[in-house]
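Hi,

Here is the model I said I would pass on.

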Amino acid sequence: MFVPIALRQARRDRQLVSKRLLLTEDEEQREVTMDTASGQQDLVDLLCKVQHSGPERGTHLKALSKALRDPSEQLTFIKQENSVNLLVSLLTGSNAQCRLHAARCLHELSHSPHTNVAPACLPATPYLLTFLSGQSTKFTELCLYTLGNLFPDSDVVKDKLLAQGIIPALANCIENQKHNLAVVEAAAFSLTQLLQAKDAAEKIIPKVLASSLPSQLLSVLNPDPNFGLAPAIECAWCLHYLACSDGNGELLALGALSHCSSLLMSLGGAVAEGNKEEGMELLVCPLLRCVGNLVSCCPVDSLSTQVGDVRLVAALCAFIKAYLHTQPALARESAWVLNNLTAHSTDFCSALLTLNLVPGLIQLLPFSQGINTMILRVLANVTHKKKESCLQLAQLGLLSTLCATLKMADQEMVTLSLEILFMLVIGRPQVADEFVRLSGVSLLEAIQYNSEGEMRRRAAYLLEHHLLSHSADCTV
Amino acid sequence: MTASGNCPTGTTEERELPFSFTPQLFHLHKDHELFEDGDIHRHMYLQDLYVSGADDEPALSVSEFACHISGCSAVFSALEEYEHHYNSLHRHVCCSCRRSLPSARLLDIHIQEWHDSLFTVLAQRQDMYQCLVEGCGQKFRTSKHRKDHLIRIHKYPPDFRFDKTKKDRGTREAKRPQQKDTAMEVADDVCESEGVCEVMCDVLSEQRELGETMETLVEEEAARMTKPAATMEHTDLSAAFDGNGCTSSETFKTQYSYRVPTTVCFGHSSVRGFRGRRGRRK
């Protein structure tokens, strides 16, 4: 999958806006995108034809919507006087076909890469919102995606939509059309657009948390076997954006952590068995993030209860293993969640040991891009919490692996390795003997010549206080 | 991280404990860089451009290994390469003058000829300079004789790197890009090992007169030791050199103040200072 550099840069600049285009029925059936060039009529000309009512109106309107796929035509359109008002009047008129085509025109406009198009569409928004609780599925979907696309483009649009009650409208929509998964997907998508706004934390998220939306989202979270992953994906992303903010108390109270964890576990089970449904990672990703952030806000003593099942760690290890080479970022996010789970909880640390997941984690330490540092952190957490297991950890291969990680170029790896070594040696002095046997002393001696003081001090301390008395060959 | 009761020296040590690991929770905001890739995949999905499966992006890479020795910038992709590098270049190091020799035998000979006053005395009366070729066994009155022998009999090159005389020390090798197999022949600032003898003093004063410093080949510069003999301050080995060259007059900027305990020497068991000092601990 080719990712243009501009896309990455946009994300880094926090400018990534993801609009969604609903394909027309023709396009869906033929799986062909609209060809705007063929049979192209002059836009202004089309507009004129639409203005004049008559039996052909619907046809012209449909042609207009096709023309509006083109970004430059979008600009031309909004420059025409009263063009949007015309669409609005058709949107609210008595002809059902024309309403649909008018909605389609607005949808094409909403998808524009030009940010000045959205404000031009403002006259339509109160009606789009009104229509969320009625009409046909297709029509409601169009309205929802249109609103979601319009929202990020300008502050004027944002403020208007919020004032016009987009949040309660979305809440009602999902609640009333819960069983219509296409609509739920569309509404959840729109909500993701709201939740990504720069000032969402102050203006939007508190209102969303106060509404019925979070519980609605949770109830749709489990993928429908017939409909597929798409609605669950959108809901999961909403929950992720909510969990990123400070409103985790509400989410925890609703059992979001338990819900997301159990879903992750069943997905983990599927992944471990090799059943990787197409696009499953699109659902795994936001769920991981929800769990990761919710765990970080959850009081330690209720963590096990909130998560529900310590075997979540097994699912996380399965994700790491499955996605390590195909999507390393996802493996890294899984490792992050593991870190949060093991940081303060003895239960989860124990689970890693009893479920025999440690050797698998150790094998991941050669890999870079931040995966090994996070996993080494996890192992450090376990070593820290389970002092009685120091010998076991050493025997499972942690000690011999440290002999390799201590030689790595990544300073964080070396520092963490020294910390773990210290904890192991303190926990069980026999570990020191074994480390010496593995020729670890010369390794630490070499570190004493490292340019980083942090590393030198740790290495020297270990040598002085724990290792050199074991050395058979005393040096000068 | 609290110290356990295993520290033999008690509370003083606890206060000075350099270890600080505590488990940490990470709460990530939505724009965190850890989320970058996942966000991009989501974007592609929404644009109907998403393809499940392997990315075209660069594949997951293996973490690199790096030589710890400050000033040595060698980096390796495999552990064996690291081991080889370290064993070749950093193991047999003379504690007195920090020169790295490729084998224990050459190190022995070096120490004997450069740093042993007894050798100097004996060499005035008898053939003390050993042939460098193992098994040859011949000895010579002067290093020049030995060198001639090496060239004539053993077909060594005239500029064999490990047969430098003390006088040759004045020559600095030219700066070259760091290569892994380059032997480290560095006469860096001398570390003050325990005790000093006339030979060592000569070494020091000789070096200082020439204003010798070593150029490093990496961004990190090795420290120049300027403190008096009372403090045990180690300098770092600078990078390897190759071939013959001119004197470098670059001085160092950084100075390490890290103190290495006297009980520790570089290259476990294969580094020696003076003869006869092995086994003695401070």
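**What I found**

Chain B is built from seven helices and six strands. Keep in mind that this is a predicted model. Going along the sequence, the order of elements in chain B is α-α-β-β-α-β-β-α-α-β-β-α-α. Of the 282 residues in chain B, 48% are buried. If you take the contacts in chain B with a separation of 6 or more, 58% of them come from residues 24 or more positions apart. Its accessible surface is about 13700 Å², and carbon and sulfur atoms hold 50% of that.

Chain A has 31 helices and zero strands. Its C-alpha trace spans about 100 × 40 × 40 Å along the principal axes. In chain A, 61% of the 476 residues are buried. For contacts in chain A between residues at least 6 apart in sequence, 73% link residues at least 24 apart. The accessible surface of chain A is about 17600 Å², with 51% on carbon and sulfur atoms.

**Helix H1 of chain A**

Which residues of H1(A) are buried? In this helix, residues 5-12, they are Leu7(A), Arg8(A), Ala10(A) and Arg11(A). Looking down the axis of H1(A), you find the buried residues within an arc of 160°, so they line one face of the helix. Just past the end of H1(A), Arg14(A) has a positive phi of about 60°.

**The largest pocket**

Arg14(A) turns up again here. The largest pocket has a volume of about 1100 Å³. It is lined by 45 residues, and those closest to its centre are Arg14(A), Gln15(A), Leu16(A), Val17(A) and Gln196(A). Several elements each give at least two residues to this lining: from chain A, helices H5 (71-79), H11 (155-163), H13 (181-195), H14 (200-203) and H17 (230-244), and from chain B, H2. Sorted by class, the lining of the largest pocket has 16 nonpolar, 15 polar and 14 charged residues.

**Cavities**

How many cavities of 30 Å³ or more does the structure hold? There are nine. The largest cavity contains about 140 Å³ of space. Its lining has 14 residues, with His110(B), Trp114(B), Phe162(B), Asp163(B) and Lys164(B) closest to the centre. Helix H4 of chain B (residues 104-115) contributes the most to that lining, namely five residues. By class, the lining of the largest cavity has six nonpolar residues, one polar and seven charged.

The second largest cavity contains about 80 Å³. Of the 12 residues that line it, Cys285(A), Gln327(A), Leu330(A), Gly38(B) and His41(B) lie nearest its centre. Two or more residues of this lining come from each of helix H20 (280-297) and helix H23 (328-343) of chain A and helix H2 (36-46) of chain B. The lining of the second largest cavity splits into six nonpolar, three polar and three charged residues.

Cheers

Definitions and conventions
Residues numbered from 1 in each chain as written. Chains lettered and ligands numbered in written order. Predicted model: local features only at pLDDT ≥ 70, side-chain atom pairs only at ≥ 80, totals over all residues. Heavy atoms only, no water. 1 Å grid on protein atoms, 1.4 Å probe; cavity = no way out; pocket = protein on both sides within 12 Å on 5 of 7 lines; lining within 4 Å. Points joined across faces, edges and corners; volume = space filled by probe spheres on them. Helix = DSSP H or I, 4+ residues; strand = E, 2+ residues; numbered from the N terminus. Nonpolar A, V, L, I, M, F, W, Y, C, P; charged D, E, K, R; others polar. Buried < 20%, exposed > 50% of the residue type's maximum accessible area, 1.4 Å probe, protein only. Arc of directions from axis to C-beta. Contact = heavy atoms within 4.5 Å. Areas by Shrake-Rupley, 256 points an atom, 1.4 Å probe, with all protein chains shown as cover.
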